[in-house]
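Me: I would like to learn how to read sheets, helix contacts and pockets. Can you take me through them one by one?

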Amino acid sequence: MSEPIEKRRDGAILHLVLARPEKKNAITGAMYQALTEALGEANRDDAIGAVLISGKGGVFCAGNDIGDFLAAQAGQGASPGALFIQALPLLEKPLVAAVEGPAIGIGTTLCFHCDLVYAAPSARFQMPFVDLALVPEAASSLLVPQRFGMAKASEALLLAEPFDATEAHRLGLVNAVIETEALYEHALAKAKALAAKPRRALLAARKLLRGDPSAVQARMAEELVAFGEAVRSPEARAIFQAFLQKKARREQC
Ligand code: COA
């Protein structure tokens, strides 16, 4: 069985592939842990110039594993998901995403931490936190209004309306919509172009573009408290159970 996070090196590029296509690349605790370790490796290894992230099987990511949400208990300390989210503003190398198909929950909010995002026409972004009786995470309550404006952010985060690749491009989340066959090579070429720049200047420029990370970190901390309470609420647990039971019913058919 292949690893659910495939890690490849292509010259100066660390390529991370969400590789759990049978579950639409929904991210488990073990996968978050592997991703967090990979981001740490990118920071430590001078030979890595940029990180590229993509999903296997025509899907980017169906968000956090819903079974893991259901298993969340109080007093467990920071979850692997929380540790991954907190590692995002600490990543010192550029992060490039190639998005195909569904990008749900963290699949979308992760893109707000990327330097470049390329999407296939099939990409479909959605942040259904409120529909799941949850609250936004990964500083999306700060970054989505900043990027989209409050009107669109309310549609995306409160109404949980999905948006496609063209709309994501119009809103400034996606750099370009690229035909599926060319998506990976295009994103890889852009990651390589970044990695080939004078490294010190690139990293300093990136830091300046992003500004002080403390506001993002403070919002993440605030969201994580609210999220931790919400994920254990009876309302949310009933929704997670319904999702998983739907799966069980499909198996009986
Ligand atoms: N957690 C756990 N399992 C998930 C999952 C998730 N987030 N998303 C998908 N899966 C599983 C399904 O249960 C199904 O498992 P099964 O084959 O054992 O029944 C399998 O992945 C395929 O999903 P399915 O729903 O049949 O595929 P689809 O093409 O009809 O729909 C999605 C794809 C991504 C639109 C749909 O799976 C979905 O909405 N997933 C949940 C997204 C979500 O709410 N994530 C949390 C965000 S915070």
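Reply: We go through the sheets, a helix pair, the pockets and a cavity. The model is predicted, so local features need pLDDT of at least 70 and side-chain atom pairs count only at pLDDT 80 or more, while totals for chains, interfaces and linings use all residues. Residues are numbered from 1 along each chain as its sequence is written, and side-chain values use heavy atoms, with hydrogens and water left out.

Me: What is the strand order in the open sheet of six strands?

Reply: Start with the terms. Strands (E, at least two residues) and helices (H or I, at least four) are DSSP runs, numbered from the N terminus. Two strands pair if DSSP finds at least two bridges between them. Here the order is 1-2-3-4-6-9, and the pairing is mixed. Strand 1 (5-10) and strand 9 (176-177) are the edges, each pairing on one side only.

Me: Which helix packs on that sheet?

Reply: Contact means heavy atoms within 4.5 Å. Angles run from 0 to 180 degrees between N-to-C directions; axes are lines fitted to C-alpha atoms, for helices over the stretch in contact. Helix 8 (residues 180-195) packs on the sheet. It touches strand 1, strand 2, strand 3, strand 4 (95-99) and strand 6 (116-119). The direction of helix 8 makes about 165° with that of strand 6.

Me: In what sense do strand 1 and strand 2 pair?

Reply: Antiparallel, over six bridges. The two strands form a hairpin with two residues between them. Gly11 in the turn has a positive phi of about 60°. Strand 2 (residues 13-18) and strand 3 (residues 50-55) run parallel, joined by six bridges.

Me: What is the order of the open sheet of three strands?

Reply: The order is 5-7-8, again with mixed pairing. Strand 5 and strand 8 (163-164) are the edge strands, each with pairing on one side only. Strand 5 and strand 7 are parallel, with three bridges. Ile104 stands opposite Gln126 in strand 7.

Me: At what angle do the axes of helix 5 and helix 10 cross?

Reply: Under 35 degrees is roughly parallel, over 145 roughly antiparallel, 65 to 115 roughly perpendicular, and the rest oblique. The axes of helix 5 (residues 140-148) and helix 10 (residues 214-231) cross at roughly 125° and come within 8 Å. The pair is therefore oblique. Helix 5 contributes Ser140, Ser141, Leu142 and Leu143 to the contact; helix 10 contributes Ala215, Val216, Arg219 and Glu223. Now sort by class: Ala, Val, Leu, Ile, Met, Phe, Trp, Tyr, Cys and Pro count as nonpolar, Asp, Glu, Lys and Arg as charged, and the others, Gly among them, as polar. The contact has four nonpolar, two polar and two charged residues.

Me: What volume does the largest pocket have?

Reply: Work on a 1 Å grid over the protein atoms alone: a pocket is an open set with protein on both sides within 12 Å along at least five of seven lines, a cavity is a set of points where a 1.4 Å probe fits but cannot get out, and lining residues have an atom within 4 Å of a point. Points are joined across faces, edges and corners, and a volume is the space filled by probe spheres set on them. The largest pocket has about 1300 Å³. Its lining has 49 residues, with Asn64, Asp65, Ile66, Asp68 and Phe69 nearest the centre. By class, 24 are nonpolar, 14 polar and 11 charged.

Me: Which helix gives the largest share of the lining of the second largest pocket?

Reply: Helix 9 (199-210), with six residues. That pocket holds about 670 Å³. Of its 24 lining residues, Pro89, Arg206, Lys207, Arg210 and Gly211 are closest to the centre.

Me: Which residues line the largest cavity?

Reply: Leu16, Leu35, Leu39, Ile53, Phe84, Leu88, Leu95 and Leu110. The lining has eight nonpolar residues, no polar and no charged. About 30 Å³ of space lies inside the cavity.
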